[in-house]
Amino acid sequence: MEAAAAGNDDKRLVGCDPCEKYGVAPAVFGPNVVFYKEPWQDVLSWEGVIGLAFYDGDHSAKSVTEFMMAVSG
């Protein structure tokens, strides 16, 4: 998120992760980044249109397909 946010001050970046695996939420990001400690399924309904998505969740074919179908609308 930090790397994607750098040089993109005019863009709004949204990150989400329930933070259950390690029990730690990411550090504070810059002003153009919003982070939700929630699953992506919840955040999509709040944020609307997605311009670019990075996925680092369950890598099963079913989970990845569900994510791709959800963000591609």
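Reply: Gladly! Let's begin with burial. With a relative accessibility of 6%, Phe-67 falls under the 20% cut-off, so Phe-67 counts as buried. Keep in mind that this is a predicted model.

Me: Where does Phe-67 lie?

Reply: Phe-67 is part of helix α3, which covers residues 61-71.

Me: Which residues is Phe-67 in contact with, leaving aside its neighbours within four places in sequence?

Reply: Those partners are Trp-40, Ala-53, Phe-54 and Tyr-55. Take Tyr-55: it is twelve residues from Phe-67 along the chain, and their C-alpha atoms are 8.0 Å apart.

Me: On to salt bridges. How many does a search of the whole structure find?

Reply: The search finds two. To read one, look at the distance between the side-chain nitrogen and the carboxyl oxygen, which has to be within 4 Å. In one of them, Lys-62 and Glu-66 bring their closest N and O atoms to 3.0 Å.

Me: How far apart are Lys-62 and Glu-66 in helix α3?

Reply: They are four residues apart in that helix, so about one helical turn separates them. As for accessibility, Lys-62 is exposed at 61%, while Glu-66 is partly exposed at 37%.

Me: And which side chains meet in a salt bridge at 3.7 Å, N to O?

Reply: That one joins Asp-10 and Lys-11. Asp-10 has a relative accessibility of 63% and so counts as exposed. Lys-11, at 45%, counts as partly exposed.

Me: Now the rings. What describes a pair of aromatic rings?

Reply: Two values do: the distance of the centres and the angle of the planes. Searching the whole structure gives four aromatic pairs. One of these is formed by Tyr-36 and Trp-46, with 5.2 Å from centre to centre and 65 degrees between the planes.

Me: Why is the pair of Tyr-36 and Trp-46 called edge-to-face?

Reply: Because the angle of 65 degrees is over the 60 degrees used as the cut-off for edge-to-face. This pair also links distant parts of the chain: Tyr-36 sits in strand β2 (residues 33-36) and Trp-46 in helix α2 (residues 40-47), ten residues apart.

Me: Are Tyr-36 and Trp-46 buried, partly exposed or exposed?

Reply: Tyr-36 is partly exposed, at 21% relative accessible area, and Trp-46 is partly exposed too, at 48%.

Me: Which residues do ring pairs link into a cluster?

Reply: Trp-40, Tyr-55 and Phe-67. That brings us back to where we began: Phe-67, the buried residue, has both Trp-40 and Tyr-55 among its contacts.

Methods. Residues are numbered from 1 along each chain as its sequence is written. This is a predicted model: local features need pLDDT of at least 70, side-chain atom pairs count only at pLDDT 80 or more; totals for chains, interfaces and linings use all residues. Side-chain values use heavy atoms; hydrogens and water are left out. Helices (H or I, at least four residues) and strands (E, at least two) are DSSP runs, numbered from the N terminus. Buried means under 20% relative accessible area, exposed over 50%, partly exposed in between (1.4 Å probe, protein chains only). Contact means heavy atoms within 4.5 Å. Rings of Phe, Tyr and Trp (its six-membered ring) pair if their centres lie within 6.5 Å; planes under 30 degrees apart count as stacked, over 60 as edge-to-face and the rest as tilted.
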